[in-house]
Amino acid sequence: MTKAVAIGSRSAVTTSAEPIDADQAVVALYRAHYASLVRLAALLVGNAWEGEEIVQDAFVAMHTHWRRLRDPDKAVGYLRQSVVNSCRSALRHSGVVARHRLEPQPDHPSAEHEALAAAYRAEVLAALRALPRRQRETLILRYYADLSEQEIARTLGISRGAVKSHTFRGLAALRGRLAAYPSSTNWETPQ
């Protein structure tokens, strides 16, 4: 005996005299309402793939709880309400994730950069220690203490010309020793 069973606004045909089971009902509802429910969910959450997942989850939940459904004719309404509620939950979850997302700090150097900078500083210090005393002193006073040529000359008790000469030779020697490091790299650690 063939019996037409109405589920929601569409009908499914079954050959059994028994009430429609969960599998048959879900298949009939899926064929009739899946596309419209996905469109609804996609509009609510803003993307189709998440809308599809929400609708699929709603169908799985309805299949799981089919026996508890009091009125099978209201299955479409149950599905629609389930989709809307799941969309609300997904949007709430997205909002919480967005508020608590840890964005990488653009001005914060990576651990690799820090390690390379430390190696570079150690290399610079070693190259500086290898310079003759006067060259090392003039470079330290010029670039670390930020003294002018006249102040360096007064501090070391040498002429301004000697300061220029020692600074030039010291920088040339440092460039030669540190040639392996790219000159465009900023090895400074942000303050």
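**Reading salt bridges and burial**

Guide: This is a predicted model. Let us begin with accessibility: Glu149 counts as partly exposed because its relative accessibility is 26%, and partly exposed covers the range between under 20% (buried) and over 50% (exposed).

Visitor: With which residue does the side chain of Glu149 meet in a salt bridge?

Guide: The partner is Arg160, at 3.5 Å from N to O. Glu149 lies in helix H6 (residues 149–156) and Arg160 in helix H7, so the pair ties together parts that are eleven residues apart in sequence. Arg160 is partly exposed, with a relative accessible area of 45%.

Visitor: How many salt bridges does the count come to?

Guide: The count is three. Salt bridges that share partners join Arg133, Arg134 and Glu137 into one network. Between Arg133 and Glu137 the closest N and O atoms are 3.3 Å apart, while Arg134 and Glu137 meet at 3.7 Å, N to O.

Visitor: Where do Arg133 and Glu137 lie?

Guide: Both belong to helix H5 (residues 133–144), four residues apart, about one turn of the helix. Arg134 and Glu137 are also separated by about one helical turn, because they are three residues apart in helix H5. Relative accessibility is 48% for Arg133, 26% for Arg134 and 23% for Glu137.

Visitor: Is Thr167 buried or exposed?

Guide: Thr167, in helix H7 (residues 160–177), is buried, because its relative accessibility of 12% falls under 20%. Leaving aside neighbours within four places in sequence, Thr167 is in contact with Thr138, Leu139 and Tyr143.

Key
Residues are numbered from 1 along each chain as its sequence is written. This is a predicted model: local features need pLDDT of at least 70, side-chain atom pairs count only at pLDDT 80 or more; totals for chains, interfaces and linings use all residues. Side-chain values use heavy atoms; hydrogens and water are left out. Helices (H or I, at least four residues) and strands (E, at least two) are DSSP runs, numbered from the N terminus. Buried means under 20% relative accessible area, exposed over 50%, partly exposed in between (1.4 Å probe, protein chains only). Contact means heavy atoms within 4.5 Å. A salt bridge is a side-chain nitrogen of Lys or Arg within 4 Å of a carboxyl oxygen of Asp or Glu.
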